[in-house]
Amino acid sequence: MHDIRPEKVAKVAELKELLQAAKGIVFVNYSGLTVAEDTKLRRAMREAGVKYSVAKNTFIRIAAKKLVLKA
């Protein structure tokens, strides 16, 4: 398991809470989007009531391992 610095523990805990509370999760690679496209996407997500956030893959893996996720 990865060791994370104390200042990053809060981010992992926040991600764990989001994963646990989510009804569904979609992971995407947003590379190649322009700032305008990303802004439009974020606005559409917000209007639909969807939580959109960007996180490091490592932090997501650590948070997910702390949960018992059922498929």
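**Reading a salt bridge, a core and a pocket**

Reply: Let's start with one side chain: Arg 42 is partly exposed, with a relative accessible area of 33%. Buried means under 20%, exposed over 50%, and partly exposed in between, using a 1.4 Å probe and protein chains only. Please keep in mind that this is a predicted model, where local features need pLDDT of at least 70, side-chain atom pairs count only at pLDDT 80 or more, and totals for chains, interfaces and linings use all residues. Residues are numbered from 1 along each chain as its sequence is written, and side-chain values use heavy atoms, leaving out hydrogens and water.

Me: Which residue forms a salt bridge with Arg 42?

Reply: A salt bridge is a side-chain nitrogen of Lys or Arg within 4 Å of a carboxyl oxygen of Asp or Glu. Here the partner of Arg 42 is Asp 38, with the closest N and O atoms 2.9 Å apart. A search of the whole structure finds one salt bridge.

Me: How many residues apart are Arg 42 and Asp 38 in helix α2?

Reply: Helices are DSSP runs (H or I, at least four residues), numbered from the N terminus. Helix α2 covers residues 35-47. Arg 42 and Asp 38 are four residues apart in it, so about one helical turn separates them.

Me: Is Asp 38 buried or exposed?

Reply: Asp 38 counts as buried, because its relative accessibility is 18%. Contact means heavy atoms within 4.5 Å. Leaving aside neighbours within four places in sequence, Asp 38 is in contact with Leu 33 and Tyr 52.

Me: What about the largest nonpolar core: which residues are in it?

Reply: A nonpolar core is a set of buried Ala, Val, Leu, Ile, Met, Phe, Trp, Tyr and Cys residues joined through side-chain atoms within 4.5 Å. The largest one has eight residues, including Val 12, Leu 19, Phe 59 and Leu 67. Helices α1 and α3 each give two or more residues to this core, and α3 gives the most, with four.

Me: And how much space lies in the largest pocket?

Reply: A pocket is an open set of points on a 1 Å grid over the protein atoms alone, where a 1.4 Å probe fits, with protein on both sides within 12 Å along at least five of seven lines; lining residues have an atom within 4 Å of a point. Points are joined across faces, edges and corners, and the volume is the space filled by probe spheres set on them. The largest pocket holds about 800 Å³. Of its 23 lining residues, those closest to the centre are Ile 25, Val 26, Lys 51, Tyr 52 and Ser 53.
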